[in-house]
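Colleague: I have not looked at this one before, so could you walk me through it?
Modeller: Gladly; let me bring it up, and we can begin with the charged side chains.
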Amino acid sequence: MKKLLVSALLIALFMNGCATSTPISTPSQAPTMTAQPLRTATTEPEGVTVPELAIEIKNESDPLNTPYGIALDSSGKIYVNDAGNSRVLVFDAAGTLLTKWDQPGSGEGEFNSLGFGGIAIDGNDHVFVVDNGNHRIQKFDVDGKFLAYWGSEGSEDGQFVRAIGIATDSEGNVYVTDDGNPFVQKFDNNGQFLMKWGGKGNGDGQFSHATGIAVDAQGNVFVSDYENKRVQKFDTQGNFSTGWGLGTGTGVTGIPEGIAIDDEDRVYVTDYLLGRIEVFDNEGNFLWSWGTKSITKSLFQQPVAIAFDTDGHFYVVNQKTSKVQGFNLP
């Protein structure tokens, strides 16, 4: 990611930085990345459990560097915004590296990430990448062919300061959070500005450090606020609906980062500070948590983005360890 990290509760900004189901298939060797089956995780204290850890995607000779965004296309390929290296890596469903989009710069299809930034894929398999060092969003097809970009530096409509999170809805609209310009901006599929909402503050509908964003099947928009330590839900017009913090079910307040919505409209939020994933119903009522109260013992290490496939797996990007974990949903 990087933005304000935690020390005492917020550390300095850095720019670079459970039932067992059928496991994800054992991957083949990749020249620079490996993914390998791991042991089933154990039950955590106080009834908190974690699902089965099936694979890890990690570096060998070509290391990931503060990866942030993750998304899957309709065929199950996994796209990771390896933001510290200003590139996108594409893996198959088994975790084998397929290709890299890794041209640095500011031209079409080139990247200048700041060590954080999301990635999203719409229903037509268009890939949208936050390229925050260039103050823009780039659009590609699944083969990496550049299609379009939009944005410039600034705080006016359609401009960005430090764009972070990105999500798409069922109509192909694109939503972007920006921690330097505290609004959610909504664009059509080709980058035409449609609307925005938010503003600096800690009141209902305001943001201090918006990061993760996700849209459910009804078009409701969920936004995590790293500094205000809460998640907010908005309707399709950007009207505030409800908000909540982390720690209701575990008694320890954490810091929300990434958000994902499953096919039953449950809301999954990564806790960047304490290394957990907390799960809520669509109105913010706590359901369960994965991980421990101690970050030194947690399976997740500074988790940021989270994504689901259609085969009962979910994937978590861990910034501290620069790896992607794949799990079997309980």
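Modeller: A network of salt bridges links Asp62, Asp82, Arg87 and Lys100, and please keep in mind that what you see is a predicted model.
Colleague: How far apart are the closest N and O atoms of aspartate 62 and lysine 100?
Modeller: They lie 2.6 Å apart in that salt bridge, which joins distant parts of the chain, since aspartate 62 sits in the loop between β2 and β3 and lysine 100 in strand β6, 38 residues away.
Colleague: Which side chain does lysine 323 meet in a salt bridge?
Modeller: That of glutamate 56, with 2.8 Å from N to O; lysine 323 belongs to strand β25 and glutamate 56 to strand β2, 267 residues apart. Lysine 323 is buried at 16% relative accessible area, and glutamate 56 is buried as well, at 9%.
Colleague: How many salt bridges does the count come to?
Modeller: It comes to 13, among them the one between glutamate 278 and arginine 276, at 3.1 Å from N to O.
Colleague: Changing topic, how many helices and strands are there?
Modeller: The chain has zero helices and 25 strands, and 59% of its 330 residues count as buried.
Colleague: Where does pLDDT stay under 50?
Modeller: Over residues 1-45, although the chain averages a pLDDT of 84, with 82% of the residues scoring at least 70.

Key. Residues are numbered from 1 along each chain as its sequence is written. This is a predicted model: local features need pLDDT of at least 70, side-chain atom pairs count only at pLDDT 80 or more; totals for chains, interfaces and linings use all residues. Side-chain values use heavy atoms; hydrogens and water are left out. pLDDT is the predictor's confidence in each residue, from 0 to 100. Contact means heavy atoms within 4.5 Å. Helices (H or I, at least four residues) and strands (E, at least two) are DSSP runs, numbered from the N terminus. Buried means under 20% relative accessible area, exposed over 50%, partly exposed in between (1.4 Å probe, protein chains only). A salt bridge is a side-chain nitrogen of Lys or Arg within 4 Å of a carboxyl oxygen of Asp or Glu.
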